[in-house]
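User: Hi! Could you walk me through this structure?
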Amino acid sequence: MKWIADRNGLTSPELYMDAQKRNHTPDAAELWKYFEAVFAWVNEIFSNFRPKLMKGLAWGIFYNKHKDDALNPADLEEKIKWLILDKEVTNRRGIYEYLLDGEEKHLSLRTFDDDQKQEAYDRQAGICAGCGKHFEIKEMEGDHITAWSAGGKTTSENCQMLCKACNRRKGSR
Ligand SMILES: [Zn+2]
């Protein structure tokens, strides 16, 4: 119900029900048709059903946003296999949404632990790799020298410490 309300640009299921009453449409039939369309789409794009990863995701919302996207099922299946094995990905249930909109935040990629950050901090003698000024470690954040999307891992060798301002600047690039 939330999904179809979203499709119709309504913010809540209640608004959808109200609109249905006003229009005198037989809502069960429309709802059923919509669900069938959602499941047919999911089945076509992601034919290999992985219950642990797929159950309970907001498929209707994904459908509303991406049903007209040009997606290649074989290509997606290949990427899913890689992402499942990727130790940098800590939220596997975010794989599908990531493949649809390309936002890495869905994957909850690994971040540096305190030891890794301390090692990089000592290596840099407290100098920010961005602006070249000295900071206390608590004023700095760990940054991937090579980004995950370019094959970078969360290791101390791939860690550099940036001051918060430089890290924010890098993040928004
Ligand atoms: Zn800096």
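Analyst: Happy to! Between domain 1 and domain 2 there are two residue pairs in polar contact, both at pLDDT 80 or more. A polar contact is a pair of N or O atoms within 3.5 Å; within protein, one must be able to donate a hydrogen and the other to accept it, and residues adjacent in sequence count only if both atoms are side-chain atoms. This is a predicted model: local features need pLDDT of at least 70, side-chain atom pairs count only at pLDDT 80 or more, and totals for chains, interfaces and linings use all residues. Residues are numbered from 1 along each chain as its sequence is written, and side-chain values use heavy atoms, leaving out hydrogens and water.

User: Where are the two domains?

Analyst: Domain 1 covers 2-107 and domain 2 covers 114-171, with bounds from an automatic or database domain assignment.

User: New topic: what holds the zinc ion?

Analyst: Its protein donors are Cys128 (SG), Cys131 (SG), Cys163 (SG) and Cys166 (SG), at 2.3 to 2.4 Å. Donors are N, O and S atoms within 2.8 Å of the metal (3.2 Å for Na, K and Ca); water is not among the atoms, so sites may look incomplete.

User: What spacing do they follow?

Analyst: Along the chain, the zinc donors follow C-x2-C-x31-C-x2-C.

User: Why is the arrangement tetrahedral?

Analyst: Because the four donor atoms subtend angles of 101 to 117° around the zinc ion; four donors count as tetrahedral if all angles lie between 85 and 135 degrees.

Note on methods: Tetrahedral: all angles 85-135°; square planar, octahedral: opposite > 155°, others 65-115°.
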